[in-house]
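Please read these notes with the model open beside you.

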Amino acid sequence: ARPVVFYIEKIPLMIVPYYVFSTKRGRHSGFLPFHIGNFEKWRNSISNVGYYWAASEYWDITTSMDYYENYGFAYHSAFRYNQRYNFTGALSGSYANDSRYINYKENRHKRWAIVGNHSHTFSPTFNLKADGTFISDKSYYTDFSTDLGERLNRNLRSQISISKRWEGASLSAQVVHSVDLDLEKRTDELPTASLSFPKWAIFGSPSNESGEGTGRKWYHSLYFGYSAGLRNHSSRSTSLDGNRSRKEFLTVNHSPSLSMAPLVLFNYLRIGPSFSYQETWYKIFETDQSRTAGIDTRQLYRRYAYSGSISASTDLYGTVNPGLFGLTGLRHVITPNISYSWAPEITRHNDIRNYTGAGSGGAKSRTMSFSLRQLLQAKVKSGDKEKTYELLTLGSNLSYNFEAKDRKFSQLNTDAQTSLLRNIRISAGMVHDLYEPGTNRLHWQSPYLMSLYISTSFTIAGSLGEYESPGATGLASPLPSANRSTKQGWSLWVSHYYSEYGRGANFVKIHSLSLGLNLNLTPNWKINYRQSYDVVGDRTVSRTVEIERKLHCWRGYFYWTPNGSNRGYYFRINVIAIPDIKFEKSQSGIRGAFL
């Protein structure tokens, strides 16, 4: 135990009269570093006053206490365990005896939260996982937690899941309980499960055990697959007028499929047909929602859907060998693809499908899709080695809907990428409309440009050597400390983005430039600079400077935003091991980003 003093050179500027420092390093038992808070809602508070017990290499326990001036005391405990390759998990809980005065009358409430998780590996193919969160009321985390993730999480989810794999087959099942804290809605899946089998060749593969070669026929490429899914759903909610409502149903999905490995015709053309079928069985339980929907819950329901597709593609190559400046080859690869898909109209038990949200099928569809991919490659020889570079990738796709009443052609999408230049990556895209604006008349000669974008990024970095970063300070902690080697250098990135879309009064153009510079000058100095510039508006959108300076066991921060809605600065000096021992000053609203 000793005072904490902050010096600049030999001049003491700040002092904390008393604090406890551990002289041990690594994972060990000991008192926890507490935190002193001064929040507007809680007024003053002190938290994390407790003890960490590293009982063994397999498990440990942490207990702590918080005090909030407005609410009273809150108690926490956490138990963790871990056996490598077998199981790991944790169980934690907190309890608060909430005491506050309302209209000069004291109100007491017992409030609590329990969180747990467990992961168990029984074998390389059999796993079990479980996790859960349970709280006494919907505002518990809002009142007692300083963790932003906990405070914003308004949907609590608890589940137990298992997964098992065999040779190609797999089974997974889970029980899920979720609660929407704001809507006061509870949903249970008791359970959901899925079973899938690997695809197998219906007519087997050609055999040549007799020593005589047997050719592979087209029917050897036919494959059959099957998967099934189960869902037992229950949900309960409370309306604004206080009435409770329930929905309960059970569905079973069967999904057999028939497909064919791509057939190669004439050594160039690849043909890939497929057929899929799905059948869903429904059991609706009687609730207020099923009665409102007019569903007869005494009978079982069955809905099916099926669809088919076929695709054809090929690769066309063109190669030249310049033999100049180490360039040994240029290759252009063109891959056209055309596919046709079809599905009939399915209207059987549409009300049941809408009620459960399960099942396939719907309106009739017939679609023809076209795509074209182009790849430009270069082979460069350096010494005795050759390396292949992808210079440019260009793709386009378009579809035709036979069932559409008008505008049967979709928009034409085109994209391109290149990383030809070192440290520079460029990507671009365009969308064209094949119809005249405001009409259904095709205009092939000059399609209308709907939107376009181009994005460029440049990154470069350099190293100035390495230095050793000091490890932890030896406070009681479950995390071991270690010295880590940190690079000492710099990095620079610049990005450019341009896009435009819309027409007439709705036309929008975006044009921006951004850059960032990171400097790790010494083991104690770090400087970061960011700037974003709006070319269209001719203005700097944001500019920030961040400076970090280590002073032995202290760290100093300076963050400056010279312009924008958050313009201002933030300055802080704190003990590295105990961030709550600090001095800070800020202007504007940027302080919260560093707490």
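1. Phe 402 is partly exposed because its relative accessibility is 28%; the class runs between buried (under 20% relative accessible area) and exposed (over 50%), with a 1.4 Å probe and protein chains only. Tyr 340 is also partly exposed, at 27%.

2. This is a predicted model: local features need pLDDT of at least 70, side-chain atom pairs count only at pLDDT 80 or more, and totals for chains, interfaces and linings use all residues. Residues are numbered from 1 along each chain as its sequence is written, and side-chain values use heavy atoms, without hydrogens or water.

3. The whole structure holds 20 aromatic pairs. Rings of Phe, Tyr and Trp (its six-membered ring) pair if their centres lie within 6.5 Å; planes under 30 degrees apart are stacked, over 60 edge-to-face, the rest tilted. One of the pairs is Phe 249 with Tyr 355: centres are 6.5 Å apart and planes meet at 65 degrees, so the pair is edge-to-face. Phe 249 sits in strand β15 and Tyr 355 in helix α4, 106 residues apart. Strands (E, at least two residues) and helices (H or I, at least four) are DSSP runs, numbered from the N terminus.

4. Phe 249 is buried, at 1% relative accessibility. Tyr 355 is buried too, at 9%.

5. Tyr 340 and Phe 402 also pair edge-to-face, at 6.1 Å centre to centre and 70 degrees between planes. Tyr 340 belongs to strand β20; Phe 402 lies in the loop between β22 and β23, 62 residues apart.

6. Ring pairs also join Trp 53, Trp 59, Phe 79, Tyr 81 and Phe 87 into a cluster.
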